[in-house]
Each structure stands twice: as structure tokens, then as C-alpha cells.
Amino acid sequence: MATVVAVIASTHHPFYYRASTATGEDRPPFADEWASKILAFRETLTRARPDVLVMVGSDHFHQLWLDNMPQFLVGKAPSYDANWYNEEREFGLPRMLLKGQEDLSGHILRAGLDSGFDLAFSNELRIDHSITCPIITLRPEADLPIVPIYTNIFAPPLPQPKRFVQLGQAIREIVESWPSHLRVAVIGTGHLSLELGGPRQFGPHGPDPEFDQRAVEWIANGDLDGCLREVTLDSLHSPGNATHGFMDFMLMMGVAGAGVKADYVDTLDLFHTMEAYFTWYPNGAPAA
Amino acid sequence: MSKYLLNKFLFMVDRDPELVERYRSEPRELVAWWEAECANTVLNCHSGEASTWLRFDDVEREALATHDHVKLFELGAHPFLTLTLFIALFERDNTEPLEYQKSYGARLAHFAMPYPDIAT
């Protein structure tokens, strides 16, 4: 059966690409520290020597729209074009083309449906920065086949937080039941406190540093009980109007397992939002 | 009131560079044209089919025609869609980084929690 060699949860900051590639006067003062943290984070994936990446993210009204909105969707295609005109325009993100791992997509869909998750699917999916940001930060070669999984953290009504956790737990079991010798990393991105299009946006740090602190502790300690006790669909409005993206972190805590401490934890306080990076090694940390 | 249709306008204009420019330079004309020609388009569908019932009310139409992002927030338009499109419209006039984004937030400072409901 396949092996889950790493579980990685991260924020996805669309400005990283531009900040880290800028030079001279265009290079922001925080870029060097940010790039250095990303290089260390990248190494946690490289060391795990993955063959396949399961990528959990959320479409930002690019392909998925309110006339036909899935709650959880699995891509099943041989290739995925990536990034959109408005992401090129606003963030300077490059167009990309990623290979798909259709066999694992099919396995996740079949086993997910059979275990109580009525997953939607797409045979032609153009993915956005929620998945390409972690490709850029963690595997810039973009050479590994992926299975994209989209969640709806964006267009209410949303699934409950516990459903994200349950789906994460199911993804872990399903990947480990995939009849394959391949090494799989499960990577998901979300947000800590975040405000977009509201009065608290683009402040000197995230809109709710206290929430960020608690959230990092929940994730680092695998404290699903504590997290689920405090986090509800209603409570997530208060740290910032885009904080429902935290539920993708909760999904990744489900993948990592209740009570399992992360092997690698790092954060970076930036303007607008706090960056956070976590890696778990289910089979023990690989040799450096 | 149709939060859905406001969102559809923001979504469709934002993804089309030509419409972004028309909305920046002639917002009232663009809103009228879009409502007449595009509002009832069924997206993700073969062309030739359309809905028949989608239209703005006067408040919504005026908010769009005057680039009034504060009103759009009050009406429950999706803040991500509004912000993304308005950055495309006006960030180019910045004299320092994030100037437009910060002033956009400041204009919303009178909104307290809970914010207007964005569910559609």
C-alpha cells in the first residue's frame, strides 16, 4: 500500500512569489527572512522524498462559482493548468502546468464516496493559488503528479468545521489504502486570522494575533479537541472575515491525526496576516 | 435584492481584462450594458441558453455604477470579489505600496461585527 511520508499544512500567501523574486528597490525588506524560512520549510518536504502530492486548497471563485458550488471536490485529470488572469494581474503569479495522478484521484473518489463523503469531481480543473503557492514554496520544480482537492471555505453555506476534520481523517486512511508502492505527501493550505475586503484588512499584522497564537498551538500540538471546542462557523467571523480558511488547517490536523504533534513548526509575522508552516512525519522524521 | 447578481457582475467583470477597463472608465455605461446583455447568461453552460429573471434593483445598480464599494459591502456582496476587482481598477493609481488597499479598509471602518451577511 502507499505510504504517507509527510503531512504538511501551510498558509498560502500569494505575494510570496513576487516578494521572493524581486530585486533591488522592488525587493521588500521582509523578503530575505521570508525566503529563508521558506527554504527551511521546503527541506521538510524534500527530505520525505515524495512521489505524489495530494494538494488540499480552495478555489477563490475562479472555476467554481455560485451557480454550481461543490463543498468538497476532487480533481481527476491527467494534467492541471494553473493560475488565472486575475492572479497574474494582482500577484504576478506565473502560468503553470502540473501533472495529475489519476489513479489516486480515482481511488480517493471511490473510497471517499463509499465512506460517506459525497465528493464532487472535475475532469478539467484549472487550479489556483491555494494550490500553486505551496507548489512554489515547497516544490518549485513542479515535477510531481498531484491530486487536487478543493474545499468550500468561501461561499456560505459552508460545511461544519468537524466535517473538514473528518474528511482529513478519511483522506489519510484512503491514501494509506491505495494499492501502490508510491510515497505520498499530503499538503494543505489555509489561513490563520485574515480579513479581505473589510475594515481590518492589510493591517501591520493579521487582524487577530491572539487567535493566531491559539491556532498555531492547536495545530502544533494536534489539539483537535481544543480546536473543535472553540471553533464554530460563527466564531470564525470574529478573527477576520476570511478566517474560515482556517478550516483547511483543521482538515490537515485530521490528516495528521488527533494528538499528534507537528515535527516542524515555524511562523512569520507579516503585514496583513501571519504565515505558519507545519510538517508531520507519520513514520518518523527522515534522515537529513 | 440579489447578492448573487452583484457577485455575478463582480465575478464576470473581474475575469475579463477588457471589461475591467470599461468598468474603470465608464462604470455607468458598463453596468447598463452588462445588465442588459450578460446578467442572464448561464455560466458553465453551452451558449444559447439563458435565464430570464435576473436584474438589479435601483440601489444595487447605483452602487455598481458609482464604484461604491462601501455600499456593496453593506449589501452583502462577497468582499473577496469586490476587493479583487477594485484593486484591479484602482491599485494602479497608488503612490506607495498598499495605499489603495489601506484606504479601502479605512472607508469601511464604521462597520462593526457582525458584518453584513454574504450568504447567497
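Predicted model: local features only at pLDDT ≥ 70, side-chain atom pairs only at ≥ 80, totals over all residues.
**View 1. Asn44(B), an exposed residue with positive phi.** Asn44(B) has 9 other C-beta atoms within 10 Å, so it is exposed. The residue sits in the loop between helix 3 (27-37) and helix 4 (58-65) of chain B. Its phi is positive, near 55 degrees, although Asn44(B) is a residue other than glycine. Most residues other than glycine have a negative phi.

**View 2. Phe202(A), a partly exposed residue with positive phi.** Phi of Phe202(A) is about 55 degrees, a positive value, and the residue is not a glycine. Phe202(A) belongs to the loop between strand 8 (183-190) and helix 7 (209-221) of chain A. Its C-beta neighbours inside 10 Å number 19, so Phe202(A) counts as partly exposed. The cut-off for a buried residue is 20 or more.

**View 3. The cis peptide bond between Pro156(A) and Pro157(A).** Two prolines of chain A, Pro156(A) and Pro157(A), are joined by a cis peptide bond. Omega is about 10 degrees here. Pro157(A) is placed in the loop between strand 7 (146-151) and helix 6 of chain A. Most peptide bonds are trans.

**View 4. The cis peptide bond between Met113(B) and Pro114(B).** Chain B has a cis peptide bond joining Met113(B) and Pro114(B). Omega is about -5 degrees for this bond. Pro114(B) falls in the segment after helix 7 of chain B.

**View 5. Helix 4 and helix 6 of chain A.** Helix 4 covers residues 102-114 and helix 6 covers residues 161-176. Their axes come within 10 Å and cross at roughly 125 degrees. Helix 4 of chain A and helix 6 of chain A are therefore oblique to each other. The crossing of the two helices is right-handed. From helix 4 of chain A, the contact takes His107(A), Ile108(A), Ala111(A) and Gly112(A). Helix 6 of chain A meets them with Ala170(A), Ile171(A) and Ile174(A). The contact of these two helices has five nonpolar and two polar residues, and no charged ones.

**View 6. Helix 1 and helix 6 of chain B.** Helix 1 of chain B packs with helix 6 of chain B at an angle of about 40 degrees. The two axes are 9 Å apart. That angle makes helix 1 of chain B oblique to helix 6 of chain B. Their crossing is left-handed. Helix 1 of chain B brings Asn7(B), Leu10(B), Phe11(B), Val13(B) and Asp14(B) to the contact.

**View 7. The contact between chain A and chain B.** Chain B puts 30 residues into the contact, and chain A puts in 23 residues. On the side of chain B that touches chain A, helix 1 (3-14), helix 6 (79-90) and helix 7 (99-106) each supply at least two residues. Helix 6 of chain B gives the most to that side, with eight residues. The side of chain B that touches chain A consists of 20 nonpolar, seven polar and three charged residues.

Note on methods:
Residues numbered from 1 in each chain as written. Chains lettered and ligands numbered in written order. Contact = placed C-beta atoms within 7 Å. Helix = DSSP H or I, 4+ residues; strand = E, 2+ residues; numbered from the N terminus. Nonpolar A, V, L, I, M, F, W, Y, C, P; charged D, E, K, R; others polar. Axes fitted to C-alpha atoms, helices over the stretch in contact; angles between N-to-C directions. Parallel < 35°, antiparallel > 145°, perpendicular 65-115°, else oblique. Left-handed = near helix turned anticlockwise from the far one by under 90°. Buried ≥ 20, exposed ≤ 12 C-beta atoms within 10 Å, placed from the backbone.
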